[in-house]
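Reader: I am new to this structure and would like to learn how to read it. Could you take me through it slowly?

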Amino acid sequence: MARIFANAADRISKASPEDFPAAGGGGLISFWFKPGWNSGDSVDHNFFLYEANTLNDRLGFQKFSDNNIYCGWLKVSPTDDDRIVLADTGLFTSGTWAHWMFEWNDAANVCTLYKDGSQLSQRTSALVTYNVSSNEYIGNTSPSISSSSCMGTMAEYGRYDSNLGAGEKASLALGFSPALVAPFSLVEYLPLIGRNDPENNLLGSSRTVAVAAYADHPRIFNPIGFQLAPASAGGGGSPAIRRRNQVLVF
Amino acid sequence: MASGDTLACFTPQHNQQPNASGATLDLRNNRPVLDFDPSADEVAVFLGVLPRNYGGGGITIYLHWAATSATSGSCRWQTAIEALSGLDLDGDSFASANSAGGTANGTNGIETVTSIAHADGAEMDSLAAGGAFRLKVTRDADGTSGTDDMTGDAELVAVEIKET
């Protein structure tokens, strides 16, 4: 049961999200998205946003009203942005799941956008990343940005604190759970199953939920025996996945 | 439990991917498989508990695999056991690996089953009934323990542990 972000206020959020890679590091964000709209609709649609203390230093991903995709590091001065700008020529199809990944490496000065495991665009520049540990928004973005609307269904949101190998990225795009792919680098995993409030983060603190609706989940291959226990079922939600040396424990 | 009975089964989704040199999850006709590289040793690790009715004999590990593209050649496999009893989780302590080769089927989608025996005792890291353990499966792609001349990936589909 994936999350539907249908209204402007629908979002998953967290103040001071933990373990965000510091400047100089690298990371990767992976999620599944099924839009309720098609490319070329000339409407803002946002997917995630991480804010620094200075509002204009951000990491974000959106399909803007000019029908371009903007993904990457947004700075105080737009001329200094380290973001990918890509014309959205049919990349979104209403009612169709797709897998998206954004990967960055500050030291190597590169950020890359992937859809369904294939590289869409890459920016190589003097990449400067920020400590975006102030606020995390998934789905619709900051309440201060009222014009944006996600208008779609999202699932399996995973954030890594390092870059992944080509094979690992391919595994995510094939539908393997982030819990099965490079779990030693996974710092946030929100299955976005749809009924949990607060949203389970299987690797850290829960997220605040402002989403009313849910829908069918994409096909995901989970670890054997992996069953999410919503808080409503009693017991306070699923246990966190931990890794000790090379052994996964709950 | 008598000789010849199955003690445990593992599939690709049981794999606890190691920090480095891990086999890669893949799909073949919607079946999860673990891809093992032909040019560098790669590893999969499975966690289990030896059943209480284990009879105390040796075990045989059956690796069910197919080639991604090859229709000939030998693929070299290694298996090693680590008993968790008395072991600090912060360290690794796999017993020495045993190995065997298997020949790719003439149709690359048809499985080959390669068996590797471990005698009770040191080869099983002194694992006893009721004990938690890890099984490490390695494709010995660089041929340290024997010939591996199969081209392309080997796709591990399932693992069975049987009492010998």
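Author: What follows is a conversation about how to read the model above, one feature at a time.

Reader: How do I read the confidence, and what is the mean pLDDT of chain B?

Author: Where pLDDT is low, the predicted coordinates should not be read in detail. The pLDDT is the predictor's confidence in each residue, from 0 to 100, and for chain B its mean is 96, with 99% of the residues reaching 70 or more. The model as a whole scores ipTM 0.84 and pTM 0.88.

Reader: Which elements make up the secondary structure of chain A?

Author: Helices (H or I, at least four residues) and strands (E, at least two) are DSSP runs, numbered from the N terminus, and chain A comes to one helix and 17 strands.

Reader: How are strands arranged into a sheet, and what is the order of the seven-strand sheet in chain A?

Author: Two strands pair if DSSP finds at least two bridges between them. In chain A, the open sheet of seven strands has the order 7-6-5-4-11-2-14, with antiparallel pairing, and its edge strands are strand 7 (82-87) and strand 14 (208-210), each of which pairs on one side only. Inside this order, strand 4 (residues 45-51) and strand 11 (residues 135-139) of chain A are joined over four bridges, and A:Leu49 has A:Tyr137 in strand 11 as its bridge partner.

Reader: Which strands stand at the edges of the four-strand sheet in chain B?

Author: That open sheet of chain B has the order 4-9-6-7, again with antiparallel pairing. Strand 4 and strand 7 (98-103) of chain B stand at its edges, each with a single partner strand, so one side of each is left without a neighbour in the sheet. Strand 6 (residues 74-83) and strand 9 (residues 132-139) of chain B are joined by seven bridges, and B:Gln78 stands opposite B:Thr138 in strand 9.

Reader: Which residues touch the most other members of the largest nonpolar core?

Author: In soluble globular proteins, nonpolar side chains tend to be buried together. A residue is buried if 20 or more other C-beta atoms lie within 10 Å of its own, exposed if 12 or fewer, and partly exposed in between, with C-beta atoms placed from the backbone. A nonpolar core is a set of buried Ala, Val, Leu, Ile, Met, Phe, Trp, Tyr and Cys residues joined through C-beta atoms within 7 Å. Of the 90 residues in the largest such core, A:Met154, B:Ala44 and B:Leu156 touch the most other members, and strand 5 (residues 59-67) of chain B gives the most to this core, with six residues.

Reader: How many residues of chain B are in contact with chain A?

Author: Two residues are in contact if their C-beta atoms, placed from the backbone, lie within 7 Å. By that rule, 19 residues of chain B are in contact with 18 residues of chain A, and strand 2 of chain B gives the most to the side that touches chain A, with four residues.

Reader: What do the buried residues of helix 1 of chain A pack against?

Author: They pack against strand 3 (26-35), strand 8 (98-105) and strand 9 (110-115) of chain A together with strand 2 of chain B.

Key: Residues numbered from 1 in each chain as written. Chains lettered and ligands numbered in written order. Predicted model: local features only at pLDDT ≥ 70, side-chain atom pairs only at ≥ 80, totals over all residues.
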